[in-house]
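Biologist: I would like to learn how to read helix packing. Could we go through one example after another?

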Amino acid sequence: MQRVVDNALAVTKESVKTFTYEWVNNIVRVINEVSALLLALLPGKANMLEGVQGWELRPTFRGPRFPRWMENGVSSFNQFIHELAVDSDVSSVEYSSGEEDSDGYESPESPLSQSSRASRVSATNHGRHPTHWMQHIWLWIVVSVKFLLGAPFHLFKLAYSGVSKALSTSTKQDPSQVPSHKRVQSHKDQIIHRTTDRRRGLIEDLHVGIEISIEAVFDFVHKAVHLLLSPSEMYEKLTKLFSSCKNDHDSGEDTSISTTTLGDIDPTPTEGNASSRQPLNTDGRTCQDVITEFGYPYEAIHLVTADGYVLLLERIPRRDARKAVYLQHGILDSSMGWVSNGVVGSPAFAAYDKGYDVFLGNFRGLVSREHRNKNISSRQYWQYSINEHGTQDIPAMIEKIHEVKTAELKLSKPDIEEEANDDQAYKLCAVCHSLGGAAILMYVVTCRLAQKPHRLSRLVLLSPAGFHHESNLIFKVVENVVLMVPSLSRIFPAFYIPTRFFRMLFNKLARDLQNLPAVGGLVQTLMGYVVDGDSSNWVGVLGLPHYNMNDMPGISFNVAIHLAQIKRTKRFRMFDYGSADANMAVYGSPEPLDLGEHYGLIDIPVDLVAGQKDHIIRPSMVKRHYKLMKDAGVNVSYIEFEYAHLDFTFSHDEELLSYVMSRLLLSEPNPKHQVNKKALRLRRKQQLSPSG
C-alpha cells in the first residue's frame, strides 16, 4: 500500500512540476515573441541597435553583446571562479540509482530530490516485509482512541510551555543563540554567494520558487500519508514531540553559545552575533570587488566636503609614481564605469599599467545619503546642484589627492627637490565624462577666480556637459516642466528608485532583459527614441551592479533644474537661485556666473572629445566649448569618434582608449623634480665617511 501511494505521489509531483514549468515557459515565449513582433514593426531600429555590438536582426533574435565583464550574466573577472563553482556543484550532486547504493556507496543528493528519494526508500523498506492488515487496523483503532482521549491534556501542556518559553525569551533573546552549525552554514553560504555572485532574473526566481513550493507541498502530503498508514510511528513521533516540549519547559532559560576569536588580547569568551541575511541572487559587486578580483591593488579614501557630505575616493595606488590621473564619472554613474570593461578596455586599468597612480572620484548623490549629519532628511540631502559638484566635491577630492601624494612622495623619494612657487612634485591629469566634464571646468574657473591652485596639469573631457540647447522634443518638454513647476522639488527632491524591494526588482529585470533578447531589443529601441536616437548600450548599462538593492546613484531635482537653465539660456552658467538678491548673496552679482565667458582663465591644456553618434551631448555642443576656449587663447584640441554618449566609458573599441592614454603621456612630471643624483651621491659619501 505504501509503495502504491509513494509511486502515485511521485508521478503526480513530477507531472505538476512539468506542467507549471512549461506553463511559465510558454508565457515567457509569448512575451518574447510579442516583443519581437513589435520590434520588427518599429521604424529606425537598426540605428538604435547598432551600438549594441553583436546584435543581428534575424528571426532568432540573438541577444545583444553586453560589456565584457557581464558576458553571460557573470563578470569576466569572475568567470573562472563561477565555472569552477558550477563544475564542483555538478560533480558533487550526483543522482545515484539503487544499484549503486547497494554497493555501499552513497553520493550526495540535491535538496529538491531528497523527498522523492525518501519516498522510494520508504517504499522499498515496506516492500521487504509482508503486510498484516488485521494488525494494522487493530493498532490504528487503539492509537486513535488513545490519541482522542489524551489530546486535550497534551494540547494544554503544549500551549502552556509555548507561552512560558515566549515570555522567558522575550527579555533574554539574543542573536547569538543560533546553533553554531547553522551560523557556520550561513557564513559559508554568504562566502559562496560573494565569490560566485551570479544573478537570477525574475523568471528564474519564479521557476525556483514554484519548484520549491511543489516540493514542500508534496513532502508534507507524503509524510502525512506515511503517518496515516503507519499509526505506530505516528504515535511515537507525537510522544517525542510532547516530551520535547516538556523538557524545553523544564530547562527554564535558553543557553547562549560563547565565542572567542583567535588572537584576541582578551581571550574571555564573548557572545557573538551572526548575520542571518540571506542572499537574493542580486549583483551587489562594488568597484573594489572588480579591481581586487583582477589582482590590482585597491585603496578606499573617505573624505568629508566643506558642507558635510561624505564622499568615497577610490584608488588603484602606485605610491611612488609622480604622475597621477583623476577619473570623474557623469550623471547616474559611479566609479564602476571606469573599470567595467575589464583589464583590456577600461581606462583605469590602462592608466595604471602605464605607470599612473589612479584615483576614481564619486560625486555626492547616493540613495544611502552619506553625510556627516546622520539624521539629515532626504529633502536636505538632495538640496544641491552642479555648483556643489564643481565647488565642493571636486575640490575636496583634489585636495585629498594632493595631500596623499605629497606625503607619500616625501617618504618614498626624499631626494626629490622641494616645491617652489606652488610647483608640485607630481603631475595630475583629469579624465572626465559628461557631467563630470562640466564640473571640472567649473572647478578650474572658480579656482582661478579665487586665485587658488587647482593642481591639475591637463584635462581630457569626454563629451562634456555645459551646452545643451540642441536636443529633441522630449528634452524640451522635460525642460519646460522642470522650470515651470520648481515646487516639485519639495515632493520629489531627487530621481531614484526609493525602496530596496524595487531596486532588487530593477536589478532582476535587468537580468531578464539579457535572457529575453527580443524584450531587451525592444527596451533598447524605446530608450533610443527617448534620447533622440542615441545608440548607446542602454540595456547593458542597466545591468551595472551600482544599481543594486542596497544603493544606487540618483539625480537631485536641483541638478535637473540647473541643466534646464543651461539649456534655456544657451550659456554655461552656474545655478540661478531665482532672484537677483539670492544671486547677489552668492555670486556678488544679480546674474549667475557665466563660466564660458571666463574660459580665458584656464591655464592648462584641454582635450575635447565628441561622439558623432552622441545625441545627448551633440558634437556641435562640444564644439561650442572648443570655440569659446580657442577664442580665449586656451591650449585646446578637438577630436570626434564614431561613438554614442555611453560608449566613452562602455565601448569595446580600443581607439578611444589609445587616444586618451596618448594625451595623458603629454603631461610628464617637471624635470626639476627628478631625483638629484649628484646630491644623492654626496649624501651617501657623507654617510659612509667616518665622523670627526
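Modeller: We can start with helices α8 and α18, which are roughly perpendicular to each other. This is a predicted model. An angle of 65 to 115 degrees counts as roughly perpendicular, and α8 (residues 202-229) and α18 (residues 500-515) pack at about 100°, with their axes 7 Å apart.

Biologist: Which residues of α8 and α18 make the contact?

Modeller: On the α8 side they are Leu202, Ile203, Glu204 and Asp205. On the α18 side they are Leu505, Lys508, Leu509, Arg511, Asp512 and Asn515.

Biologist: What does Glu204 form with Arg511?

Modeller: A salt bridge pairs a side-chain nitrogen of Lys or Arg with a carboxyl oxygen of Asp or Glu, within 4 Å. For Glu204 and Arg511 the closest N and O atoms are 3.6 Å apart, and the pair forms a salt bridge. It links distant parts of the chain, since Glu204 in α8 and Arg511 in α18 are 307 residues apart.

Biologist: How many salt bridges does the structure hold?

Modeller: There are 27.

Biologist: How do the axes of α1 and α19 cross?

Modeller: The axes of α1 (residues 2-41) and α19 (residues 517-530) come within 7 Å and cross at roughly 40°. The two helices are therefore oblique to each other. The crossing of α1 past α19 is left-handed. Residues of α1 that meet α19 include Ile31, Ser35 and Leu39, and their partners in α19 include Pro517, Gly521 and Thr525.

Biologist: Which residues form a nonpolar patch on the surface?

Modeller: The patch consists of Phe19, Trp23, Ile27 and Ile31, with about 450 Å² of accessible area together. Trp23 lies in α1. Ile31 is also among the α1 residues that meet α19.

Notes
Residues numbered from 1 in each chain as written. Predicted model: local features only at pLDDT ≥ 70, side-chain atom pairs only at ≥ 80, totals over all residues. Heavy atoms only, no water. Patch = residues over 30% accessible without salt bridge, like charges linked within 9 Å, V, L, I, M, F, W, Y side chains within 5 Å. Areas by Shrake-Rupley, 256 points an atom, 1.4 Å probe, with all protein chains shown as cover. Helix = DSSP H or I, 4+ residues; strand = E, 2+ residues; numbered from the N terminus. Axes fitted to C-alpha atoms, helices over the stretch in contact; angles between N-to-C directions. Parallel < 35°, antiparallel > 145°, perpendicular 65-115°, else oblique. Left-handed = near helix turned anticlockwise from the far one by under 90°. Contact = heavy atoms within 4.5 Å.
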